[in-house]
Amino acid sequence: MNLGLTGKHALVTGASSGLGLAIATALMAEGTSVTISGRSAARLEAAIAQLPDALRPLCDYVEADFADPGVVDLLIEGARRRTGQVDILVNNTGGPPPGLASAVDPDVMAAHYGTMVDPVIRLTLKLLPQMRAAKWGRILTVASSGVVQPIPHLPVSNALRASVLAFMKTLAGEVARDGVTVNVLAPGRIGTARTQALDAGAAERAGKTVEEIAAASRATIPAGRYGAPAEFGATAAFLAGQPASYITGSTIRIDGGMIRSV
Ligand SMILES: NC(=O)c1ccc[n+]([C@@H]2O[C@H](COP(=O)([O-])OP(=O)(O)OC[C@H]3O[C@@H](n4cnc5c(N)ncnc54)[C@H](OP(=O)(O)O)[C@@H]3O)[C@@H](O)[C@H]2O)c1
């Protein structure tokens, strides 16, 4: 299938590793040039260095921390260096720490609002006018299965991602007629550094090995395994593509059947 993505330019935030990098790679494989971002130039350069030779020229980066006040302008300026515009925005951020909802620290919640919600909304709003004027745009946001079925021990993630989801759904209804689609990706358990860290934390809490925790987790997934980042990236690339032009305002699960509800 031709996704019609050759010559487009994407900004993929939080893309030095994991899901963000997998999305960026899948977009590049479709001929899209991509600006990736993260907090460390060294990690971003390492990510670009491990790309296949044919994709590397399609990728540049911006070092930008979502915790910094000037992050949105920095990202936009960096992303526009190549073609002057951003056709595809992929909002991906780091995830918050686990813990009990009954013991959540409101200051931690507020700080993560500042890195996971506020800059995502600001970035989206700043890139939107150009997409609407062009009558073409794609806004994808990486959330979590927790927006459908809240995940125990991840109260900050569950609450803040629900907020982003509601915003994106509202926005989708306003911009569909301008050719801009707005969708949210809900990963279940995809094998990345973040999943490994969460499993390690759960193992410590339960006095079990990481493999015991991972096996118990796999047992709850109908597919019987964690997803591969490339499977996640491919879904995102499809949603960014031309054939997905009638999909908007949706939350797409990439979860091997893990979420129990319809
Ligand atoms: N993997 C899953 O199964 C899964 C499931 C549900 C939800 N999620 C969520 O999906 C997102 C991506 O997951 P992942 O597994 O790919 O996580 P990951 O491997 O930890 O990657 C997170 C990315 O975000 C960047 N990042 C973190 N904090 C940042 C900040 N303050 N400013 C700018 N960039 C920042 C990281 O780069 P630097 O460290 O280099 O800055 C990295 O590129 C996370 O929010 C995660 O919680 C993942």
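Helices and strands in this tour are DSSP runs, numbered from the N terminus. The structure on display is a predicted model.

**First stop: the main core**

Select Leu27, Ile36 and Leu185. These residues have the most contacts inside the largest nonpolar core, which has 34 residues. Helix 1 gives the most, with seven residues.

Next, centre the view on Leu185. Leaving aside residues up to four places away in sequence, Leu185 touches Ile23, Thr141, Val142, Ala143, Ser144, Phe232, Ala236, Leu239, Ile252 and Ile254. A second, separate core of 33 residues can then be brought up by selecting Val72, Ile121, Leu160 and Val184, which are among its members.

**Second stop: helix 4 against helix 6**

Two packed helices are described by the angle between their axes and the distance between the axes. Show helix 4 (residues 106-116) together with helix 6 (residues 155-175): the angle is about 40°, and the axes are 10 Å apart. The two helices are therefore oblique to each other, and helix 4 passes helix 6 in a right-handed crossing.

Display side chains at the contact. From helix 4 come Met109, His112, Tyr113 and Met116, and they meet Val156, Ala159, Leu160, Arg161 and Val164 of helix 6. By class, the residues of this contact are seven nonpolar, one polar and one charged.

Move to helix 7 (residues 193-206) and helix 8 (residues 210-219). Here the packing angle is about 110°, with the axes 8 Å apart, which makes helix 7 roughly perpendicular to helix 8. Select Asp199, Ala200, Ala202, Ala203 and Ala206 in helix 7; they meet Val210, Ile213 and Ala214 in helix 8. This contact divides into seven nonpolar residues, no polar residue and one charged residue.

Ile247 lies in the loop between helix 9 and strand 7. Is Ile247 buried or partly exposed? With a relative accessible area of 29%, Ile247 is partly exposed. Its contacts, not counting residues up to four places away in sequence, are Thr181, Asn183, Phe238, Leu239 and Ile252.

Select Lys135 in the loop between helix 5 (118-134) and strand 5. The phi angle of Lys135 is near 60°, a positive value in a residue other than glycine.

Select Asp178 next, in the loop between helix 6 and strand 6 (180-187). What does Asp178 touch, not counting residues up to four places away in sequence? Its partners are Met131, Arg132, Lys135 and Trp136. Asp178 has a relative accessibility of 14% and counts as buried, because buried means under 20% relative accessible area.

Finish at His153, in the loop between strand 5 and helix 6. The phi angle of His153 is near 75°, again a positive value in a residue other than glycine. At 30% relative accessibility, His153 counts as partly exposed.

Technical notes
Residues are numbered from 1 along each chain as its sequence is written. This is a predicted model: local features need pLDDT of at least 70, side-chain atom pairs count only at pLDDT 80 or more; totals for chains, interfaces and linings use all residues. Side-chain values use heavy atoms; hydrogens and water are left out. Axes are lines fitted to C-alpha atoms, for helices over the stretch in contact, and angles run from 0 to 180 degrees between N-to-C directions. Helices (H or I, at least four residues) and strands (E, at least two) are DSSP runs, numbered from the N terminus. Angles under 35 degrees count as roughly parallel, over 145 as roughly antiparallel, 65 to 115 as roughly perpendicular and the rest as oblique. A crossing is left-handed if the near helix is turned anticlockwise from the far one by less than a right angle, and right-handed if clockwise. Contact means heavy atoms within 4.5 Å. Ala, Val, Leu, Ile, Met, Phe, Trp, Tyr, Cys and Pro count as nonpolar, Asp, Glu, Lys and Arg as charged, and the others, Gly among them, as polar. A nonpolar core is a set of buried Ala, Val, Leu, Ile, Met, Phe, Trp, Tyr and Cys residues joined through side-chain atoms within 4.5 Å. Buried means under 20% relative accessible area, exposed over 50%, partly exposed in between (1.4 Å probe, protein chains only).
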